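Hi there,

Here is the structure I promised to pass on. Have a look at it first, and then read on for what turned up.

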Amino acid sequence: MTARRMTLMTTPLKAALLGALLLGTALPATAQDGNPFAPVLVVNGSVVSAYEVEQRALFLQVLRAPGDPAEEALKGLTEDRLGAQAADALNLSVTAEQVLAGMTEFAARANLSAEDFVKAIAEEGVAPETFRDFVTAGLIWREVVRTKFGGTVKISDVQIDRALADKLRKPSVKVLLSELVVPVQDGDVGAALETARQIKAQSGNFGAAARQYSASPSADRGGRLDWMPLENLPPAIAGQVLALASGEVSDPVVVPNAVVLFQLNGLSEAEAASPVSVRVEYAEFALAPGADVASMQAGFDGCDDLYPLARDQGADRLRVTTATMAEIPANTGLALAPLDAGESVVVDRGGVAVLLMLCARTPLPEAPEDTATTEVAAAPAEPVEPPTAEELDAAARQAALSELGNQRLALLADAYMEELRSEAIIKQP
């Protein structure tokens, strides 16, 4: 969690402008007057304020959530209102203890306590109530889904067999992308987002726009990247890329210190099985001012070549990390995506030039446990008996059952939310 303050909107008026921007209509008088609690949307009589939209968008930025934070904020708050109203109709609620447990569980994903997580997001301008309301809404919606559909989901042995077979046949997907990277200046993510939106709206030639605006090394090539396996990308970004039609440009994607647009130029599938996840090992070496990077890169065959350099120039300048693509920052994942083992690229980290090198990329056929590690000598583990074939089969079937059940519930939940949305009276005041 960075201590740099990110500001999507720095005044109440800008927050109110967000509602008008998304809805394409005139601002309410109270919002025009700069009232931070001016209603931006009314969902079945329940008000969504400009302040809530601003806070939720800022919270999504801190989480590095995919998509346009402003649009996702308004969508999420609308769904929160609909979910709460559905819970009221079913006489469902959550306790303060459940909310605290949910906040603790959420914070643990960042290896923080709930208290430390609240302090960390406060440094980014996010109020504790925003986090609490976000968790509460999720818990309430989960109770609604369980109550309405929990007893209706039945998974047969035949479905489990088919799921396991399909996982083995899952094709390997490669994508051909172009990228346009808008850097964040002085911590103003909102300005970078607005620039990205304007580029997408006004540019009919993505390559020309990339040459003019992109801060990526690919700018000279019109943003074009080489073919790469889909799993090389951070999972959240891979999902957005797959949703694009050929030639279509994505919504702005917020990553640390930048906002990125992607254009899908091509997609291919091969018969080889695609891994469930990918683990990468990569090195970050802080460069001295004026370092001859080209000469250094020419002399490198792999990450092992960095250790002698680190001993000569300071071991604290070298950091080697092993993690899955889902665990590393999105900007690091994007920089590593086109690299082969031993290849490197120079990235900017807060004004410091850092040599980022891919040491290894390992496909994982099964979903991994939490794996993020930095290079630390470890004591040898105690020997354990390997699981039997029967135990492995039972574990695989249980995992498939859980995955199929969650997928079915998610589909039912999405359909129910769309039903609630279609029946709701949603208007701008």
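Please keep in mind that this is a predicted model.

Let's start with the hairpin. It is formed by strand 1 and strand 2, with two residues between the strands. Asparagine 44 has a positive phi there, near 50 degrees. Strand 1 covers residues 39–43 and strand 2 covers residues 46–49; the two run antiparallel and are joined by four bridges. If you want to find one of the partners yourself, go to valine 43, which is bridged to serine 46 in strand 2.

Next come two helix pairs. Helix 5 (residues 96–108) packs against helix 6 (residues 114–122) at an angle of about 70 degrees, and their axes are 8 Å apart. Angles of 65 to 115 degrees count as roughly perpendicular, so helix 5 and helix 6 are roughly perpendicular to each other. Their crossing is left-handed. Helix 5 brings Met103, Thr104, Phe106 and Ala107 to the contact, while helix 6 brings Ala114, Phe117 and Val118. Of these contact residues, six are nonpolar, one is polar and none is charged.

The other pair is helix 4 (residues 69–89) and helix 7 (residues 128–149), whose axes come within 9 Å and cross at roughly 50 degrees. That angle makes helix 4 oblique to helix 7. This crossing is left-handed too. On the helix 4 side, the contact uses Asp80, Gly83, Ala84, Ala86 and Ala87; on the helix 7 side, Ala137, Ile140, Trp141 and Val144. Here the contact residues divide into seven nonpolar, one polar and one charged.

Happy exploring!

Definitions and conventions: Residues numbered from 1 in each chain as written. Predicted model: local features only at pLDDT ≥ 70, side-chain atom pairs only at ≥ 80, totals over all residues. Heavy atoms only, no water. Pairing = 2+ DSSP bridges. Axes fitted to C-alpha atoms, helices over the stretch in contact; angles between N-to-C directions. Parallel < 35°, antiparallel > 145°, perpendicular 65-115°, else oblique. Left-handed = near helix turned anticlockwise from the far one by under 90°. Contact = heavy atoms within 4.5 Å. Nonpolar A, V, L, I, M, F, W, Y, C, P; charged D, E, K, R; others polar.
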